[in-house]
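Please read the briefing below alongside the sequence and the coordinates, which are shown next.

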Amino acid sequence: MHMLEIRNLRVAVGGREILKGVTLSVSSGETVVLMGPNGSGKSTLFQAIAGNPKYEILDGDILLDGESIRDLAPEERFAKGIFVGFQSPVAVPEVRFAFLLQAMLNIRAGKKLTDPNPQVLAQAQKLAAELGLKPEVFNRGVGAGFSGGEFKRAEVLQALLLNPKFVILDEPDSGLDVDGIAAVGKAVSRLSASGSGVLLSTHYARVLKFIKPTRVYVMADGRIVLQGDENIIKKIEEIGYKSYFEEIRQEL
Ligand SMILES: Nc1ncnc2c1ncn2[C@@H]1O[C@H](COP(=O)(O)OP(=O)(O)O)[C@@H](O)[C@H]1O
Ligand SMILES: [Mg+2]
């Protein structure tokens with residue numbers, strides 16, 4: 001059985017159909033890459049999996065371990081083990097980052113909110129050092145004055161601390177320097193080695209230096225148009241989506 005299964009998913013935003021029947025699956029320990037031109041619907045898919053109510057499911061299903069989660073609230077999906085690192089994370093400057101981390105752990109464990117536990121903080125500090133994040137981020141508001149790179153690293157830190165069943169990372173390598181990409185790559189390898197399913201989007205073959213995808217899907221205009229291995233990523237980086245789609249059309 002697949003860990004995450006998306007079945008013929010159709011999703012509308014503001015009354016406009018964006019996903020027009022997406023089917024894909026990710027099993028435990030897999031690292032699956034989703035590619036596609038800007039606006040093809042990658043982030044929409046991730047929002048729909050997270051349960052953002054702005055994204056209306058018209059048809060199809062989302063299954064986690066064979067059970068439908070399409071009618072669950074976002075926090076219920078999170079409690080079941082789905083973590084989504086968004087492309088443009090929302091800043092919540094009035095909540096300290098340390099408090100958010102503890103709250104996430106408590107919510108997942110079905111416990112009441114508490115102040116940050118010193119052991120959790122110690123573990124978070126260790127992860128921060130590995131990811132190249134300054135220790136003072138924990139005392140700052142969530143996203144308060146975070147640089148693009150700090151945002152991305154902070155999301156990966158959350159994923160590592162939670163070690164969720166299923167991790168989604170929306171363009172985790174965008175805006176990161178080489179060290180940042182290496183750190184993200186290492187984190188993804190660690191998560192998949194621990195049995196998490198990983199689904200991530202990217203535009204760049206540079207991640208392949210650090211991530212070994214088990215499968216690559218390509219999306220265009222709200223549909224999966226192709227599935228294959230990492231050679232797809234290399235080819236798209238080399239010639240671009242437009243030429244790539246033309247080549248495929250000619251081959252068919
Ligand atoms: N919250 C939203 N409000 C309005 N339109 C949206 C929203 N989210 C996505 N869209 C639209 O859906 C389409 C797909 O966007 P998106 O999923 O962000 O693509 P990608 O992540 O592949 O670049 C775009 O046309 C975008 O404008
Ligand atoms: Mg996107």
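How many bridges join strand β1 to strand β2? Eight bridges join them, β1 covering residues 4-13 and β2 residues 16-26, and the two strands run antiparallel. This is a predicted model, in which local features need pLDDT of at least 70 and side-chain atom pairs count only at pLDDT 80 or more, whereas totals for chains, interfaces and linings use all residues. Residues are numbered from 1 along each chain as its sequence is written, chains are lettered from A and ligands numbered from 1 in the order in which they are written, and side-chain values use heavy atoms, with hydrogens and water left out.

- Strands are DSSP runs of E with at least two residues, helices are runs of H or I with at least four, and both are numbered from the N terminus; two strands pair if DSSP finds at least two bridges between them.
- A12 stands opposite E17 in β2, and in the two residues between the strands G14 takes a positive phi near 55°.

- The residues around ligand 1 (a heavy atom within 4 Å) include V13, R16, P37, K42, T44 and Y55.
- Oxygen atoms of ligand 1 make polar contacts (pairs of N or O atoms within 3.5 Å; within protein, one must be able to donate a hydrogen and the other to accept it, and residues adjacent in sequence count only if both atoms are side-chain atoms) with a backbone atom of S40 at 3.3 Å, with a backbone N or O atom of G41 at 3.0 Å, and with a side-chain atom of S43 at 2.9 Å.
- S43 (OG) and Q87 (OE1) also coordinate the magnesium ion, ligand 2, at 2.0 to 2.1 Å; donors are N, O and S atoms within 2.8 Å of the metal (3.2 Å for Na, K and Ca), and sites may look incomplete because water is not among the atoms.
- This pair links distant parts of the chain, 44 residues apart, with S43 in helix α1 (residues 42-50) and Q87 in the loop between β6 and β7.
- S43 is partly exposed at a relative accessible area of 24%, as is Q87 at 34% (buried is under 20%, exposed over 50%, partly exposed in between, with a 1.4 Å probe and protein chains only).

**Helices α5 and α6**
- Because 14 of its 15 residues are buried, α5 is largely enclosed by the rest of the structure, and N163, which follows α5, has a positive phi near 45°.
- The buried residues of α6 (178-193), among them G180, I181 and V184, pack against β3, α4, α5, β9 and β10, contact meaning heavy atoms within 4.5 Å.
- D177 caps the N-terminal end of α6, with a side-chain oxygen 3.2 Å from the backbone nitrogen of D179.
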